[in-house]
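Please open the model in your viewer and keep the selection tool at hand, for this tour moves from one selection to the next.

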Amino acid sequence: MIPAAGKVSSIPIRDRLARLFHYARGEGLGPFMIRAVTGSGVLQIGGMAVSFLVGVQLARGLGLAGYGLYGLAIAVVTLASVPGEFGLPKLVMREVAAAAVRKDFPSLLGVIGWANRVSLGLSVLAAVFIACAAVLFRHRLEPGLVVALLWGIPVIPLVAVGKIEGAALQGLHNVVLGQAGIYFLRPLFFSACLALLFWLAPKAGPGGAMALNAITAALALILTAYWLKSRLPKPGRRTSVVQGRAWLSATVPMALTDGMRILQAQLGVVMMGVLNSPSEVGLFRIAASTATMIAIPIALITSVTNALLASLHAEGDTVRLQKLNTHSAWAMTIGVLALALPLFLAGRFLLIFFFGGEYGPAATALDILCFGQLISAAFGLNSTLLDMTGHERRTTRAMIIGLVVNVVALAALAPRWGNVGAAWATTLSLLVWNVLTWVDAWKLVGIDTSVLPRPAGGADRGRRTDPFGPGAVE
């Protein structure tokens with residue numbers, strides 16, 4: 001009978017799920033990876049969803065011009081946080097993990113304390129610079145922008161130290177907890193506070209919203225610091241070993257790469273603030289924020305495949321490495337296309353529905369930026385593959401070139417075409433960056449990361465044929 005057949009087929013599925021859940025609760029690398037990837041994925045999706053809600057609240061509560069001023073202020077604050085972070089979260093995660101394995105508790109405590117001190121010092125310098133600039137140029141800037149910048153100053157050290165504390169938690173194998181404070185709870189608290197603010201003070205401006213941003217950043221830091229303190233090893237808690245020179249040397253290239261990524265993400269908003277009106281800034285920011293949402297498949301697949309790329313490359317398994325890259329590129333492309341399709345078909349309607357009628361003109365810029373995300377997905381894990389195979393300098397080189405292209409294109413296109421010109425400039429720089437890293441991945445690793453690859457292992461293990469020119473690349 002058909003019902004009986006349904007029962008028979010459902011039992012193995014339940015059994016497999018039960019075994020999977022039992023396995024995931026176990027010890028070892030496999031169960032840890034399952035828990036970490038699943039938890040990180042849920043956090044990323046939840047964090048992006050809450051961040052989208054925050055964007056809706058800000059756009060509706062502040063209005064187009066007010067949202068543009070807030071967007072410009074938060075972009076400046078984010079750029080100012082680059083020196084405060086200085087690649088320190090990655091260094092702390094690496095050093096804490098290594099020290100925990102060696103049970104070298106003095107070094108473990110030393111790197112956390114050293115990183116916090118360095119971050120605070122650099123953050124204070126950046127904060128003083130922003131404060132002085134806001135005061136000196138207050139007569140040339142919009143009053144709402146000046147207030148938002150001044151309220152945004154505390155965000156710089158709070159977020160930088162919060163990321164370091166979270167990185168230390170991840171180094172202690174508390175991967176999900178290490179990300180929860182900054183990436184999920186902070187936007188969640190911010191959303192709740194914004195709802196209260198716009199209920200009690202409907203005319204609140206960008207300064208009030210930025211003040212709440214600082215408060216929620218402090219709450220996230222307090223929680224993360226508490227979680228870390230409760231999980232730090234007890235032996236030798238009052239002693240620490242500091243290797244400042246070695247740590248500083250190691251963090252410089254990490255800082256450069258991270259800084260370029262942040263600069264690339266925020267550059268369009270900052271230059272739009274210089275070249276155009278606050279309304280144009282608001283339109284571009286709403287388009288850029290919405291387009292970022294459809295990149296969730298890229299972030300998830302990248303986080304899952306990082307370690308696999310490094311392992312397969314170390315084993316010299318070119319065939320499986322090519323398959324992983326091809327499948328990942330297709331998964332990212334299909335995922336991004338599925339999320340982008342509603343925006344391509346009804347972007348203007350959705351912008352008006354979620355954010356309000358004055359944001360409808362951002363639809364064209366949104367289409368262009370979504371097209372850029374689709375291009376990025378189609379090129380696959382190009383930069384990630386380079387980073388995981390020891391060619392991170394090529395990623396940095398491509399990012400610098402893409403950044404230069406972005407600056408030139410923005411200066412040429414934004415003054416005349418506003419948010420649409422800025423969207424074309426951003427997409428062009430993304431295309432250049434992806435092409436460069438895609439070519440380098442083939443030349444240096446012998447892997448085509450795109451959705452339509454050449455045969456796996458375009459070269460021998462020691463010598464790779466360059467399909468982009470005559471001869472061979474060693």
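How many aromatic pairs does the structure hold? It holds 7 aromatic pairs, where rings of Phe, Tyr and Trp (its six-membered ring) pair if their centres lie within 6.5 Å, with planes under 30 degrees apart counted as stacked, over 60 as edge-to-face and the rest as tilted. Before you look at them, note that this is a predicted model, in which local features need pLDDT of at least 70 and side-chain atom pairs count only at pLDDT 80 or more, while totals for chains, interfaces and linings use all residues. Residues are numbered from 1 along each chain as its sequence is written, and side-chain values use heavy atoms, leaving out hydrogens and water.

**The aromatic pairs**

Select phenylalanine 52 and phenylalanine 354, whose rings form an edge-to-face pair, 5.4 Å centre to centre with 80° between the planes. Phenylalanine 52 lies in helix H2 and phenylalanine 354 in helix H12 (residues 318–355), so this pair ties together parts that are 302 residues apart in sequence; helices here are DSSP runs of H or I with at least four residues, strands are runs of E with at least two, and both are numbered from the N terminus.

How exposed is phenylalanine 353? Its relative accessible area is 53%, and it is exposed, whereas phenylalanine 52 is partly exposed at 23% and phenylalanine 354 is partly exposed at 32%. For these words, buried means under 20% relative accessible area, exposed over 50% and partly exposed in between, with a 1.4 Å probe and protein chains only.

Helix H2 gives the largest share of the lining, 6 residues.

**The whole protein**

Finally, zoom out to the protein, which has 15 helices and 2 strands, and in which buried residues make up 48% of the 474 residues.
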